[in-house]
Amino acid sequence: MLRLYDAPLSGNCYKVRLLLSHLERPYERVDVNLLSAESRRESLEGRTPIGKVPVLELDDGRCLAESNAILWYLARGTPFLPTDPFAQAQTLQWMFFEQNNLEPNLAVARQWVVILKEAERHREALKAKYEAGGTALSVLDRHLERRRFLLGQQPSVADVSIYAYTHVAEEGGFDLEPYAAVRAWLTRMAKRPGHVPMEDAEAPGPVRQER
Ligand SMILES: N[C@@H](CCC(=O)N[C@@H](CS)C(=O)NCC(=O)O)C(=O)O
């Protein structure tokens, strides 16, 4: 069975849980304690050169890191990855946009504000995150104004990838009110069959362990 080295509050891990749920793939879930460097090292030792979650371990023991690489691997041969080469490249275009423009702003702001509770300490840096993240959200909003999903009528792994941190952006202090198309898309995504919320620890399928 697939095994996911996971952290419940991580959007990068949630992307993988969300896609696994859409694909109805059973998996074992191993919670990695991100607040302890030693426990994280022990859990991930030999499984990833990068030292971060998520990590997906396959049945044969091979391991894959980087959330979007994992999404790509899992989505091959499913409706979440188009077969047309140009549409595949557009999927990658949005997944790179997610890692370059959204995640470093939305995820980091949320980490400072909600997880580490250090908003005051990062006050100046947060302003820069809100500005750069706001620019990225505007790009996304303009794109979604005339589309149901990022590539058109059906959601792809790019939607799953971008949904993860965008739907919790307000936890980090972003205001999604100005981005009507983004908000409508978030609602559409959450209504898809197979959708699971980020903190649904009891979602059907996975077997859970702590490490
Ligand atoms: N680009 C990576 C980022 C992975 C990442 O930053 N993981 C975080 C949790 S969201 C982590 O393991 N942090 C522990 C650390 O940085 O020490 C991905 O998309 O998977």
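Is G152 buried or exposed, at 16% relative accessibility? G152 counts as buried, where buried means under 20% relative accessible area, exposed over 50%, and partly exposed in between, with a 1.4 Å probe and protein chains only. I shall return to this glycine after an overview of the chain.

Colleagues, a word on the source. This is a predicted model, in which local features need pLDDT of at least 70 and side-chain atom pairs count only at pLDDT 80 or more, while totals for chains, interfaces and linings use all residues. Residues are numbered from 1 along each chain as its sequence is written, and side-chain values use heavy atoms, with hydrogens and water left out.

Let me begin with the overall architecture. The protein chain contains seven helices and five strands; helices (H or I, at least four residues) and strands (E, at least two) are DSSP runs, numbered from the N terminus. In sequence order, the pattern is β-α-β-α-β-β-α-α-α-α-α-β. The radius of gyration is 17 Å, close to the 17 Å that the globule rule gives for 211 residues, so the protein chain is as compact as a globular protein of that length. That radius is taken over C-alpha atoms, and the rule is 2.2 Å times the number of residues to the power 0.38. Along the principal axes, the C-alpha trace spans about 45 × 45 × 30 Å.

Of the 211 residues in the protein chain, 47% are buried. Contact means heavy atoms within 4.5 Å. Among contacts between residues at least 6 apart in sequence, 69% join residues at least 24 apart. The accessible surface comes to about 10,700 Å², and carbon and sulfur atoms account for 51% of that surface. These areas come from the Shrake-Rupley method with a 1.4 Å probe; for residues, only the protein chains shown count as cover.

As for charge, the protein chain carries 27 positive and 29 negative side chains, and the centres of the two sets lie 3 Å apart. Lys and Arg count as positive and Asp and Glu as negative, with His and the chain ends not counted; the place of a charge is NZ of Lys, CZ of Arg, CG of Asp or CD of Glu.

I turn now to helix 2. Which residues of helix 2 (residues 37-44) are buried? They are S39, S43 and L44. Seen down the axis of helix 2, these buried residues fall within an arc of 115 degrees, so they line one face of the helix; the arc is that of the directions from the helix axis to the C-beta atoms. An α-helix has 3.6 residues a turn, so residues three or four places apart point the same way. On the other side of helix 2, E38, R41 and E42 are exposed. The buried residues pack against strand 1 (2-6) and strand 3 (55-57). G46 follows helix 2 and has a positive phi, near 75 degrees.

Next, some backbone features. Most residues other than glycine have a negative phi, and most peptide bonds are trans. The peptide bond from V53 to P54, however, is cis, with omega near 5 degrees, and P54 lies in the loop between helix 2 and strand 3. E66 has a positive phi, near 70 degrees, and is not a glycine. E66 sits in the loop between strand 4 (63-65) and helix 3 (67-75), and is partly exposed at 39% relative accessibility. K117, also a residue other than glycine, has a positive phi of about 50 degrees. K117 lies in the loop between helix 4 (85-115) and helix 5, and is exposed, with a relative accessible area of 66%.

L74 belongs to helix 3 and is buried, with a relative accessible area of 3%. Leaving aside neighbours within four places in sequence, L74 is in contact with L2, V16, L19, L20, L23, R25 and L56. L144 is found in helix 5 (residues 123-144) and is buried, with a relative accessible area of 2%. Which residues does L144 contact, leaving aside neighbours within four places in sequence? They are F149, L150, A181, V182 and W185.

Finally, back to the opening glycine. G152 lies in the loop between helix 5 and helix 6 (157-166). G152 and A107 are 45 residues apart in sequence and 26 Å apart in space, C-alpha to C-alpha.
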